[in-house]
Structures are given as structure tokens and as C-alpha cells.
Amino acid sequence: TTMALRLGICSDDIMIRQARLFTRLGLPTRLSQLDPTEITRVLESDKKVMGGEVHFVLPESMGSVRVQKVERQSIVTALKEMGLN
């Protein structure tokens, strides 16, 4: 959701609603102990890589998503916003 918010795909309301839902389900809403560089390296070998570009499934609204190409620097920035250094 952080990535979708950064890219202007979803609203703050969607991010807040998802964070509340994750919290109620006991799921993490922040990341720690992971290396953003390592995460981006792994993402680059993911099945959603098309033509050498990383694609994400991003929420537009509750129950609606879109698949979109995301630049490496945007991925690193979003990971840092989620609590990774």
C-alpha cells in the first residue's frame, strides 16, 4: 500500500484501512531487519519481472488492484518509508 500511495494510485484512507485490518489480524505493518538492496535484488528475479522491469500488484481501492511497473528507486524509497534502512 505504501508503494500505491507514493505513486498516487490509492488514497491515504485505503492505506489507513489496510493498516488497521493488518493490525487486527496480527500482521506486521512495518518492516525491520531486512536490507532494501537485498529485497530489490530478489524482486528482480520475481515472476512479475517483465522485460527487465519489476511490476507490482497495487491496490487502487478496497477490492480493486492494478499491475504496474515500478522503478527500482521508488521500491527502495518505499521500503525505507516502511521502516527499513
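Two strands are taken as paired if DSSP finds at least two bridges between them. Helices (H or I, at least four residues) and strands (E, at least two) are DSSP runs, numbered from the N terminus. The model is predicted: local features need pLDDT of at least 70 and side-chain atom pairs count only at pLDDT 80 or more, whereas totals for chains, interfaces and linings use all residues. Residues are numbered from 1 along each chain as its sequence is written, and side-chain values use heavy atoms, with hydrogens and water left out.

Three strands form an open sheet in the order β1-β2-β3, with antiparallel pairing. Its edge strands, β1 (49-50) and β3 (64-69), each pair on one side only. Strand β2 (residues 53-61) runs antiparallel to β1 and is joined to β1 by two bridges; valine 49 stands opposite valine 54 in β2.

Helices α3 (residues 36-43) and α4 (residues 72-81) pack at an angle of about 135°, their axes being 10 Å apart. Axes are lines fitted to C-alpha atoms, for helices over the stretch in contact, and angles run from 0 to 180 degrees between N-to-C directions. The two helices α3 and α4 are therefore oblique to each other (under 35 degrees is roughly parallel, over 145 roughly antiparallel, 65 to 115 roughly perpendicular, and the rest oblique). The contact (heavy atoms within 4.5 Å) involves Pro36, Thr37, Ile39, Thr40, Arg41 and Leu43 of α3 and Arg72, Ile75, Val76 and Leu79 of α4.

Threonine 2 belongs to helix α1 (residues 2-6). With 13% relative accessibility, threonine 2 counts as buried (under 20% relative accessible area; exposed is over 50%, partly exposed in between; 1.4 Å probe, protein chains only). Apart from neighbours within four places in sequence, threonine 2 contacts Met15, Ala78, Glu81 and Met82.
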